[in-house]
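Keep the structure open as you read.

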Amino acid sequence: MKQSGALVLTATVLALAACGGGSDRGKSERGGSGAPFGFEMAAAAASEVPAAPVAELSPEEVSRALATGSIRLIDIRTDAEVADGGTIPGAEHIPMDQLDASVLENNDGREVVLYCRSGKRSEMAATKLASETGKTVTHMPGGILAWRDRVKLAGACDKDGQQGC
């Protein structure tokens, strides 16, 4: 086991040394900064298409926006999570593994807001969609847990015993 680890380390050091260039450290043969070629390409690509921001709406803001019909709220939790705990009234369910950029186009002009259980997956999904589309994507931090703590307890969901509140 120690020999294979040493072999991997040696191969890595040799590969890095091969990419390091000559003894003229400040300049490269390409006339650039001396950074590895792949790094320059990645930096150029990153500067060409800035990542779109991810926006946040609090549970209270989501509640008000749902009441006015100005948002399309999408629950990205799994089928099992939704079956076990319900959804926020007015939300539609599209599991994260089925979510794609088309959800941003089919929204009747309403802002799309993603949520999950705690907000972590919805933030990841919003980041992914924003980078794919170049559009700002919104999510609800804290997810349905924050909704239940901050909106339900405030009495906003007590009408008709709605599931998910």
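## The sheet and its strands

S4 and S5 pair in the parallel sense over two bridges. Pairing here requires at least two bridges found by DSSP between the two strands, and helices (H or I, at least four residues) and strands (E, at least two) are DSSP runs numbered from the N terminus. This is a predicted model, in which local features need pLDDT of at least 70 and side-chain atom pairs count only at pLDDT 80 or more, while totals for chains, interfaces and linings use all residues. Residues are numbered from 1 along each chain as its sequence is written, and side-chain values use heavy atoms, with hydrogens and water left out.

Zooming out, the open sheet has five strands in the order S1-S5-S4-S2-S3, with parallel pairing. Strands S1 (54-56) and S3 (92-93) sit at the edges with a single partner strand each, so one side of each has no neighbour in the sheet. Strand S4 (residues 111-115) is largely enclosed by the rest of the structure, because four of its five residues are buried; buried means under 20% relative accessible area, exposed over 50%, and partly exposed in between (1.4 Å probe, protein chains only).

S4 also pairs with strand S2 (residues 71-75), in the parallel sense and over five bridges.

| Residue | Partner | Strand of the partner |
|---|---|---|
| Valine 113 | Threonine 138 | S5 |
| Aspartate 75 | Histidine 93 | S3 |

The S2 to S3 pairing is parallel too, joined by two bridges.

## Helices over the sheet

S4, H5 and S5 make a right-handed β-α-β unit: with the strands pointing away from the viewer, the path from the first strand over the helix to the second runs clockwise. H5 lies across S1, S4 and S5, at about 175° to S5. Such angles run from 0 to 180 degrees between N-to-C directions, with axes fitted to C-alpha atoms, for helices over the stretch in contact; contact means heavy atoms within 4.5 Å.

H3 lies across S1, S2 and S4, running at about 125° to S2. Within helix H3 (residues 59-68), Pro59, Val62 and Ala65 are buried. They span an arc of only 120° around the axis, which puts them on the same side of H3; the arc is taken from the directions from the helix axis to the C-beta atoms. Arg64, Ala67 and Thr68, on the other side of H3, are exposed. The cover over the buried residues of H3 includes S2, S4 and helix H6 (143-152). Just after H3, glycine 69 takes a positive phi of about 75°.

Which residues have the most contacts inside the largest nonpolar core? That core has 15 residues, and the answer is Ile74, Ile76, Leu99, Val103, Leu114, Leu129 and Val137. S4 and H5 are the elements that give two or more residues to this core, and H5 gives the most, with four residues. A nonpolar core is a set of buried Ala, Val, Leu, Ile, Met, Phe, Trp, Tyr and Cys residues joined through side-chain atoms within 4.5 Å. A second, separate core of 13 residues includes Val62, Ala65, Trp147 and Val151.

Last stop: threonine 136 is in the loop between helix H5 (120-133) and strand S5 (137-139). Threonine 136 counts as partly exposed because its relative accessibility is 44%. Leaving aside residues up to four places away in sequence, threonine 136 touches Ala52, Pro53 and Ala55.
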